[in-house]
Amino acid sequence: MMQTPLLLTAMMERAEKFYPKKHIVSRTESGIHRFTYKEWGKRTRRLGSVLTNLGVKEGDKVGTLAWNHHRHLEAYFAIPCMGAVLHTINIRLSPQHIVYIINHAKDTVLLVDSDLLPLVEKIRDQIPHVESIIVMTDGEMPDSTIEDLHHYEELLEKGDPTFSFRHDLDENAPAGMCYTSATTGNPKGVVYSHRGIVLHAMALGLADTTGIMERDVALPVVPMFHVNAWGLPFAAVWFGTTQVLPGPYFTPGLIAQLMEKEKVTVAAGVPTIWLGLLRELEENSYDLSSVRYLLCGGSAAPRGMIKTFEEKHGIPFMHAYGMTETSPLAVVASMKSQHEMLSNEERYDVKAKQGILVPGLEMKILGKDGEVEWNGREMGELALRGPWIASEYYEDDRTEDAFRNGWLHTGDVVTIDEEGYIKIVDRTKDLIKSGGEWISSVDLENALMSHEDIFEAAVVAVPHEEWQERPVACVVLKDAEKRTVTEEEIIDFLRPQFAKWWLPDKVIFMKEIPKTSVGKFLKMALRDEIQNKISQEE
């Protein structure tokens, strides 16, 4: 067979050659912009020539602090296609963590949205490796304390629209990198190769995974700084898919408007995004009949939410699972043909699971005595390996904690049923051990969020003298001023669904549940807050 390298350069060129009239719809601070792939290709090549003139070399890291828009998409391809490494920086991390990852990656250039420039101003003297800062804006250069800033559009005017990208790169060379969201300690860096990104994009196009195709209109609500927006921008360019990039500071209403106006067929986001959209659909009317499915990842979606989207609004819902270390697609809850014979309730049981392993990957589910039985009950830690699974953390001595004997040990506790469908039970650190038995906080949370009055719910363990740990539920009501649901009513709602010893000892009503930078519940902070609250009450 021919040993042709798998490179992002070929993905970009395919879009330019075969889909020059397809569109990229980009929302920025000044409004909606539309570009064809032909126009985007020229702009991307201009960016490549500009970065070369600034001294960026093969292997150099170029950081981005940006929202989802066309300029970020240009960076997604210009940087790796010239042999450098795209480093997408999570703008929601603390300033201390942002300083850490810029220095750890040794970024030489930063591409920064104008509204995020104040963040960079505060840390400029702490990031000595950065030689150039380019401001991405539609308007004039903002006033800044940083000298020698570059204006993105002015640089592009001087760039070469025929600039040639690299075809001689090693397919195993680094193309991108992301850092984990760091619930404890410093973030950990994960490097993605050209080969891994290409194969991951191919997996996104499989009919029995997410089935991304040319005729789709894809809306990645998941940030482009979070695991490459789950790989959707790469796959969409390669397949000629129309892309709708929602830009900064969007709201559920704005997302619904974009979906309606642009006739979006596929949208991707975490459960908190879809909970917000569901509330918007309850209050206002939109025509979302174009949507093929909503893709949900990051954490488990409540079964009740899935059912409401499908039955009340006619919007199909698809679960997926992955993590920064897996590029991220690893498991997708696509339905098998025999599931067509199931009742609606049985189908929702399947859809509420994370799904089956994506072709191309291998897995093991490890319990205390080896691999667990496929019976949907026995719990074990999910381990993965494959061509788009990381093999180590970037220059980090914590590699040995997660990567052992050629496998990524995910830290996620799961069950697997007879059909091979995986269900996330919990993170190993979030399982609740009460009286020697395990309680899944995820199962309790999903049940709570199926209550008609509850918007969000998180369950954490608190120490207990007799039982070691006991669950406490924290809930946010949909409308706290109008709803009068009580703690006892919520426990009664859970009672038929769980064994008595699973029921939370306490229900705490909150205005907001703390979240990580990517929208997951921040259990560590919540545990501390609840324990302090209980101690004060005692």
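At what angle do helix H3 (residues 70-81) and helix H8 (residues 232-239) pack? In this predicted model, local features need pLDDT of at least 70, side-chain atom pairs count only at pLDDT 80 or more, and totals for chains, interfaces and linings use all residues. Residues are numbered from 1 along each chain as its sequence is written, and side-chain values use heavy atoms, leaving out hydrogens and water.

The angle between H3 and H8 is about 80°, and their axes are 11 Å apart. H3 is therefore roughly perpendicular to H8 (a term for angles of 65 to 115 degrees). Axes here are lines fitted to C-alpha atoms over the stretch in contact, with angles running from 0 to 180 degrees between N-to-C directions. Leu73, Tyr76 and Phe77 of H3 meet Pro233, Phe234 and Val237 of H8, where contact means heavy atoms within 4.5 Å. The residues of this contact comprise 6 nonpolar, no polar and no charged.

Helix H2 (residues 37-53) comes next. Just after H2, Gly55 takes a positive phi of about 100°.

In helix H9 (residues 252-261), the buried residues include Leu254, Ile255, Leu258 and Met259. Lys263 follows H9 with a positive phi, near 55°.

On the scale of the chain, an automatic or database assignment gives domain 1 (8-250), domain 2 (358-427) and domain 3 (432-535). The C-alpha centres of domain 1 and domain 3 are 38 Å apart.

How values were computed. Helix = DSSP H or I, 4+ residues; strand = E, 2+ residues; numbered from the N terminus. Buried < 20%, exposed > 50% of the residue type's maximum accessible area, 1.4 Å probe, protein only. Parallel < 35°, antiparallel > 145°, perpendicular 65-115°, else oblique. Nonpolar A, V, L, I, M, F, W, Y, C, P; charged D, E, K, R; others polar.
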